[in-house]
Amino acid sequence: MNAPATVLAVEGLKKHYPVDPNVFGRPRAHLRAVDGISFAVARGETLSIVGESGCGKSSVGKSILRLDKPTAGTIRLGGTAIESLTESAMRPLRQKMQVIFQDPFGSLNPRMKIRDIIAEPAVNFGIATNRDAIDAHVQKLLQLVRLPADAGTRYPHEFSGGQRQRICIARALSCNPELIVCDEAVSALDVSMKAQIVNLLARLQDELGLALIFISHDVAVVEHLTHRVAVMYLGKIVEIATRRAFFSGPKHPYSQALLSAVPRPDPRQVLARVVLSGDVPSPINPPSGCRFRTRCPHAFARCETEEPVLRNAATGHQVACHLDQ
Amino acid sequence: MNACTTEFQTGGQMPPDLFEAERPRGPIALWVRHHPAIAWGGGLLVLMACIALLAPLITSYDPANMTPMLRGKKPSWAHLFGTDMLGRDVFARVIYGARISLMVGFAVAVIATVMGVAVGIVSGFFRFADTIIMRITDGLMSIPPILLAIALTAISRPSVTNVIIAISIAEMPRMGRLVRGVVLSLRERPYVMAAQAAGTRLPKIILRHILPNTLAPIMVQATYICAAAMITEAILSFIGAGAPTNIPSWGNIISEGRAVWQLRPYLVFIPAVFLSITVLAVNLLGDGLRDALDPRMAKRV
Amino acid sequence: MTLLQVEDLQVHFRTPTGVVRSVNGLSFAVDRGETVAIVGESGCGKSVTSMSVLRLIPTPPGRMAGKILFEGRNLLALPEDDMKAIRGNEISMIFQEPMTSLNPVLTVGQQICETLRLHQGMDANQANARALVMLQLVGITAPERRLQSYPHQLSGGMCQRVMIAIALACDPKLLIADEPTTALDVTVQAQILDLMRDLQKRLGTAIVLVTHDLGVVAQTAQRVIVMYAGRKVEEASVDALFAHPMHPYTQGLMDAIPKLGSSLGSESRTQLAEIDGAVPDLRKPLVGCAFASRCSRSTVLCTQTMPMTQEKASGHWVACHHVESEKTP
């Protein structure tokens, strides 16, 4: 029987954080980091979630991984609903999804040897039990991520940022997961390192059939790794499309502003830039109707009263905007 | 127009070094040079410990042996620090007194650390226990440690063991607070979250990921507790609430010398100097450890 | 007219693990009203260079050599009091993290007035009036209200605008911007870069922009200096650099940047061009060209002799033994 095609399906996910506690400790308001999003990721596919700071993309990552408990919604990992499982029920399912974080210096325990770091997931799930099996497993992974074979005996501080991310990738692959969540995995790396790591992830995905959720604020990097793009703003997905559809013609005004704001490495190219006015509103009190209307150059009356929902604008291209009707 | 000087371009050589090459030294000398506080503080402490351990070899006098004929003698070659008002040799008493101070200091440091770490970890990981434990430690900390120790020794028989227990209880809350703070911040580190995502169970997370990374602040705090414990013990002995009077401790010696300190000032000053040096050594060691282990200092330039 | 001239700058640091040679013989010049970008990856020495202009390098672990001539005066030889009169007054600096570069316990108005009262000798009223003008200049809405705000009440973009206001308050001749937009969102970055370009046109301040982002460089700078391992490997006008990069490191960097829209020509994902290897350890003394181990063109000569900086085209300087003058990206 083939593995199910959909590795992860998220429906109506919400994550609210209580803020502003009163004298009894009860919160007076909620920070609506994620406010109702839905998407699915298939085997061998990369879905990128892009957005700027405060849009909730990191909270999405943590909720999917069940490092946080979502406030509402369903998360189906290979058919099993995981949003309200207890930690002990969740543990065996963790083998299917792993994570790579942004900070290469905080992602590795400075007191552990590389071999132990990489072996930890495999040991937890019983994939390698005795010393020799573990050593062989670690060697295989080091080769896969193109690290030297003697790296296992060394400590994290002996490696550079790019090498540490490779170690994180090796750790994430250690228990043979189906899905890896990359939470800004290349954002802290230099240009040349970014290129190496992005290429490595693409190659591993092709070889191993991994599903990737790539969370990033860097739209240009995303283009080289992703199959589909979801743009988030203030806790909602405003556009979700295939790579070609998105990069050839984004339809949501925020996506257009985002793409036009990326500085092009070409001094002759003068783009008509969509300039957004003002600052991002607070996620504690988002604007009524369409959340983007306070900064949107095309906002009109309907945007204030009615919140737009994601609608099919073309094949493989959904937008949440009133302009599209 | 920009001008590129070519002074260092000719010959394709690197520009000269700005620092003289360090004279090659042995690894130990190099380590001492880079960690002076640890070297000096640790060295003094080891010296004190040796003096305490080897007391019977250093002096042939029995610190409890009273020779009323020789009481109140000034320092001489026979009695290096003189004799006290009961005719006991002060040098012997001070040397043996080191045992008490060091023993109390280390014991309290160990006990308070173990208790504090346990409390801190439970507090840091279990929210419901945290509120209760923090209110208890708040209560304990609101009482000055010396008063707390006095109260605890007052309700028990005077003995060195009870002094150790009393001071440990008084010092434990601070260690607990510290460990709790470190645990709370470590829980948010990406490698701990990655371990959780990798299916590692909580006991293993605590043992492998949290504890080893709390060692640095714990060690530093333990040295400060040791120094505080030594002083507290001396104060307790000074006011008579500490070690029993037949056991020589620096506080006891100072206490006994208090009555005649204008006539025989050395009875007070000599043990005080020894106490000061020991506490200074422990504090130096703590400062040096803190500087050496602080991750911020280890950041690359 | 040359405003700043750096000659053979060297900055070394003594660390417990060895001497780190951050900058090894760097020379460049900045004219009045010009924007020069210093570009490189982490560890290349660009931030150290920017801080050494204002002598912000702590000199116990660090030592500097060479000359930094500002309007003819050598800043490295000035007494500290004279240097203080220059900082914030004739040469200003803005840093990477706007949220932590402002004092959290002082209001915005107090922080702008501080530099005005110190350098221009203004009294409270004059300083406040000028602070208001500065806030308007940097495009902050409701500036009267913002004068009383604390930094934590402002967003990242607004904090950076305030930083720029403080830096330009005394009308400096030179502004050094060390990765000013790296910590900001891309839409905010676009606003800040627009602002800096606009202010430069209006006030005529020269800008030294330190960054790792070639896109930012292309949109903002007039001349570009590419640094690698503490040395300058290429210097050119921005048009010449992007049209004909000559040094293999510059070419590699240009190829490695992800470019929007580059994948539209193919059905499947496109790979990013890579530069093999990693930056050398600056604690080890370098022999020959620092880039030799990663370069496809390197020969025995490259491993033995450090290349000289030569003018390969008008105003285009390259430090490489094997420059191919006609290579286009």
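V30(C) sits in strand β2 (residues 18-31) of chain C, where helices (H or I, at least four residues) and strands (E, at least two) are DSSP runs numbered from the N terminus. This is a predicted model, in which local features need pLDDT of at least 70, side-chain atom pairs count only at pLDDT 80 or more, and totals for chains, interfaces and linings use all residues. Residues are numbered from 1 along each chain as its sequence is written, while chains are lettered from A and ligands numbered from 1 in the order in which they are written.

Is V30(C) buried or exposed? It counts as buried because it has 24 C-beta neighbours inside 10 Å. The cut-offs work like this: a residue is buried if 20 or more other C-beta atoms lie within 10 Å of its own, exposed if 12 or fewer, and partly exposed in between, with C-beta atoms placed from the backbone. Leaving aside neighbours within four places in sequence, V30(C) is in contact with L3(C), L4(C), V36(C), L174(C), A206(C) and V208(C); contact means that the C-beta atoms of two residues, placed from the backbone, lie within 7 Å. A206(C) is 176 residues away from V30(C) along the chain, yet their C-alpha atoms are separated by 7.5 Å.

Strand β7(C) (residues 174-178) is mostly covered, with four of its five residues buried. Strands of a sheet pair through backbone hydrogen bonds, either parallel or antiparallel, and two strands count as paired here if DSSP finds at least two bridges between them. β7(C) runs parallel to strand β6(C) (residues 91-94), joined by four bridges, and S92(C) has L175(C) as its bridge partner in β7(C). β7(C) also pairs in the parallel sense with strand β8(C) (residues 206-211), over five bridges; here I176(C) is partnered by V208(C).

In chain A, an open sheet of four strands has the order β2-β1-β4-β5, with antiparallel pairing. Its edge strands are β2(A) (27-42) and β5(A) (80-81), each pairing on one side only. Here are two antiparallel pairs side by side:

| Strands | Bridges | One bridge pair |
|---|---|---|
| β1(A) (residues 6-21) and β4(A) (residues 72-77) | five bridges | A9(A) with R76(A) |
| β11(C) (residues 309-313) and β12(C) (residues 316-319) | four bridges | E311(C) with W317(C) |

Helix α1(A) (residues 57-64) lies across β1, β2 and β4 of chain A, running at about 115° to β1(A). Axes are lines fitted to C-alpha atoms, for helices over the stretch in contact, and angles run from 0 to 180 degrees between N-to-C directions.

Helix α4(A) (residues 131-144) has 14 residues and reaches 20 Å from its first C-alpha to its last, close to the 20 Å expected at 1.5 Å a residue; the expected span is 1.5 Å times one less than the number of residues. Which residues of α4(A) are buried? They are I134(A), V138(A), L141(A) and L142(A). Seen down the axis of α4(A), its buried residues fall within an arc of 100°, so they line one face of the helix; the arc is that of the directions from the helix axis to the C-beta atoms. An α-helix has 3.6 residues a turn, so residues three or four places apart point the same way. α3(A) (114-124) and α5(A) (161-173) are among the elements covering the buried residues of α4(A). The face turned away from that side carries exposed D132(A), A136(A), K140(A) and Q143(A).

**Positive phi angles**

Just after α4(A), R146(A) takes a positive phi of about 60°. L234(A), in the loop between β9(A) (228-233) and β10(A) (236-242), has a positive phi of about 50° although it is not a glycine. L234(A) counts as buried because it has 24 C-beta neighbours inside 10 Å. D8(C), in strand β1(C) (residues 2-15), also has a positive phi of about 50° without being a glycine, but D8(C) counts as partly exposed, with 19 C-beta neighbours inside 10 Å.

**Where chains C and A meet**

The contact takes 38 residues from chain C and 36 residues from chain A. On the chain C side, the elements that give two or more residues are α8(C), α9(C) (214-220), α10(C) (238-243) and α11(C) (248-256). The largest share of that side, five residues, comes from α9(C).
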